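Open the structure in your viewer and keep the selection panel at hand. Each stop below names something to select and says what is there.

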Amino acid sequence: MAAASNAVMGNEPLPDFASLVKAHQAMVFSIALHYVRDRSAAEELAQDVFLQLHQSLADMQSGEHAARWLRKVAVHRSIDHARRSRFRPQVGLEDAPEPATPAAPGDPMLSERLRRLVASLPEKPRAVMLLRYQEDLDPEEIAATLAMPVRTVKSHLQRSLTMLREKASRAFTPAAGRQNLSREMGEVE
Amino acid sequence: MSRLEDALREAFRTEDPGPQFTARVLAAAAGARRKEHWWSVAGLRWATAGALACVLLIGGSLEYRREQEERQGRLAKQQLVLALHIAGTKLNLARDRVQQLNAGD
């Protein structure tokens, strides 16, 4: 998938729609899934993003342009969806379909806890964290995607990480029967 | 790089929605294309109907105007004939009067 993504990301002529979908569906779906935390809503949202791309295909100049466009639209649509669903009842867990791919390796409990903590952030810092740690974008790229100053992006990142360290240190204490991750989480690069 | 950042990267790893998703998106896009095509055909029909309606409306209004002018022309002709008739009658009366006066002398 990464190789396909790299091939499509280049500045070569725009690939066809099917290739774009295959190359970027993981990115678009994961942005939506991590932001809205509802698998069926994320699939629907990702599908809408690709249909919007299909309508705007004539405006795309290259594979890289399409990838940037998809990332931007996916984030903004996720933010809109989260805003709207605040006033709507959520679908129960029992109604959610099974994951299409097996869960990622690692500590699933820690990952879930971190996803929940990030989900508790306000919408813009949440989007910043997603783009930083899912898409591995640097602050300048995040600023361009979210149309905000680089300084604001850095400030969101710093504050969110501080908040996560504090919350994680409270959640993963030895008394809770888990290893003391608080110290580890506090390690600075 | 802190362990927290590593853990965040792990937590936010991308996940592929699977080949069924790809198929669904491509089918939806094909459906949208068909809908667009139908819309463009329907749009063409509507445009043709609109143009035809415009032609009929303009033609009708021109015809109505022409008839109005014709009716006004006929009316004016009748009035002129009547005016000439009255003037002729008056002239005849005047001529008869003059002749009567001449005969009396």
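Predicted model: local features only at pLDDT ≥ 70, side-chain atom pairs only at ≥ 80, totals over all residues.

**Stop 1: the interface.** Select chains A and B. Here 38 residues of chain A are in contact with 25 residues of chain B. Now colour the helices of chain A that each supply at least two residues to this side: H2 (17-36), H3 (39-55), H5 (108-119), H6 (123-133), H8 (150-171) and H9 (181-186). Which helix gives the largest share? It is H2(A), with 11 residues. The side of chain A that touches chain B has 22 nonpolar, 9 polar and 7 charged residues.

**Stop 2: the core.** Stay with H2(A). The largest nonpolar core has 45 residues, and H2(A) provides the largest share of them, 12 residues. Domain 1 (1-89) and domain 2 (104-189) of chain A both contribute, so the core lies between them. Next, pick A:Val28 and A:Ala32, the residues with the most contacts inside this core.

**Stop 3: around A:Ala32.** Centre on A:Ala32. Leaving out residues up to four places away in sequence, A:Ala32 touches A:Ala42, A:Leu45, A:Ala46, A:Ala74 and A:Ser78.

**Stop 4: helix H7 of chain A.** Select residues 139-146. Which residues of this helix are buried? They are A:Ile142, A:Thr145 and A:Leu146. Look down the axis of H7(A): its buried residues fall within an arc of 85°, so they line one face of the helix.

Technical notes:
Residues numbered from 1 in each chain as written. Chains lettered and ligands numbered in written order. Contact = placed C-beta atoms within 7 Å. Helix = DSSP H or I, 4+ residues; strand = E, 2+ residues; numbered from the N terminus. Nonpolar A, V, L, I, M, F, W, Y, C, P; charged D, E, K, R; others polar. Buried ≥ 20, exposed ≤ 12 C-beta atoms within 10 Å, placed from the backbone. Arc of directions from axis to C-beta. Core = buried A, V, L, I, M, F, W, Y, C linked by C-beta atoms within 7 Å. Domains from an automatic or database assignment.
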